[in-house]
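Visitor: I would like to learn how to read the features of a protein model, one at a time. Could you take me through them with the structure in view?

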Amino acid sequence: MKTFLYPGSFDPPTLGHEDIALRAGALCDRLIVAVMDNAQKSRHLFDAQQRVEMLRELFSDVPNITVVRSEGLLADLCRESGADAVVRGLRNAADLSQEMLMASVNARIGDVETIFFATRDAFANISSSVVRELLSYGRDVSAFIPEKIRHCIHDDR
Ligand code: COA
């Protein structure tokens with residue numbers, strides 16, 4: 001049984017995240033989506049519980065995807081959950097350099113395998129930080145958020 005782990009801060013989850021999770025989930029038996037902390041993003045718009053709930057609702061119809069919250073190290077979560085590989089999406093060269101660093105550290109400290117998915121063209125310019133900025137100006141962000149969880153974003157603002 002192959003288990004992949006898709007970690008992120010998901011603040012909030014976007015169409016890009018949904019696409020990566022569904023494509024990764026189709027290639028393994030079990031996909032664990034993990035809401036984790038990024039040390040470079042200390043202030044969140046949505047708290048961890050809200051992000052977990054949004055992701056659970058988003059993937060409620062996908063039987064092999066489960067959503068967890070972890071405040072620890074990715075390498076530790078991989079070991080504890082028996083994941084065979086970590087999944088990350090790549091949009092551009094800037095993502096690549098950052099992701100190569102993370103993959104290398106995780107391989108070194110936990111023997112973690114990382115699989116990169118090329119982001120679909122349609123989602124290459126979507127980012128959670130753009131969504132957060134638009135929300136701070138009271139703008140509609142429906143174009144970037146999966147339909148199923150749009151109500152969580154707008155109900156909450
Ligand atoms: N399409 C469009 N956008 C995408 C995307 C895709 N397929 N995949 C990612 N993105 C965007 C997100 O919207 C987000 O944009 P933003 O930076 O403007 O907010 C960005 O890419 C990446 O965010 P996300 O994927 O949600 O997570 P992250 O990069 O913040 O996650 C962790 C990083 C949490 C996985 C990492 O910090 C971690 O492993 N933390 C645990 C502690 C640890 O082990 N630290 C050591 C790491 S070496």
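Predicted model: local features only at pLDDT ≥ 70, side-chain atom pairs only at ≥ 80, totals over all residues.

Visitor: What is the order of the strands in the open sheet?

Guide: Strands of a sheet pair through backbone hydrogen bonds, either parallel or antiparallel. Helices (H or I, at least four residues) and strands (E, at least two) are DSSP runs numbered from the N terminus, and two strands pair if DSSP finds at least two bridges between them. Here five strands form an open sheet in the order 3-2-1-4-5, with parallel pairing. Strand 3 (65-69) and strand 5 (114-118) are at the edges with a single partner strand each, so one side of each lacks a neighbour in the sheet. Strand 2 (residues 30-35) is joined to strand 3 by five bridges, and V35 stands opposite R69 of strand 3.

Visitor: Which residues of helix 2 are buried?

Guide: Buried means under 20% relative accessible area, exposed over 50%, and partly exposed in between (1.4 Å probe, protein chains only). In helix 2 (residues 48-58), the buried residues are A48, R51, V52, M54, L55 and L58. They cover an arc of only 160 degrees around the axis, taken from the directions from the helix axis to the C-beta atoms, which puts them on the same side of helix 2.

Visitor: Where is H17, and is H17 buried or exposed?

Guide: H17 lies in helix 1 (residues 15-25) and is buried, with a relative accessible area of 19%. Contact means heavy atoms within 4.5 Å, and, leaving aside residues up to four places away in sequence, H17 touches Y6, F10, P12 and S128.

Visitor: Which residues are closest to the ligand?

Guide: A residue is near a molecule or strand if one of its heavy atoms lies within 4 Å of it. The ligand is surrounded by 25 residues, the closest being S9, L74, R88, S128 and S129.

Visitor: What is the distance from an oxygen atom of the ligand to the side chain of S129?

Guide: A polar contact is a pair of N or O atoms within 3.5 Å; within protein, one must be able to donate a hydrogen and the other to accept it, and residues adjacent in sequence count only if both atoms are side-chain atoms. An N or O atom in the side chain of S129 is 2.4 Å from an oxygen atom of the ligand.

Conventions:
Residues numbered from 1 in each chain as written. Heavy atoms only, no water.
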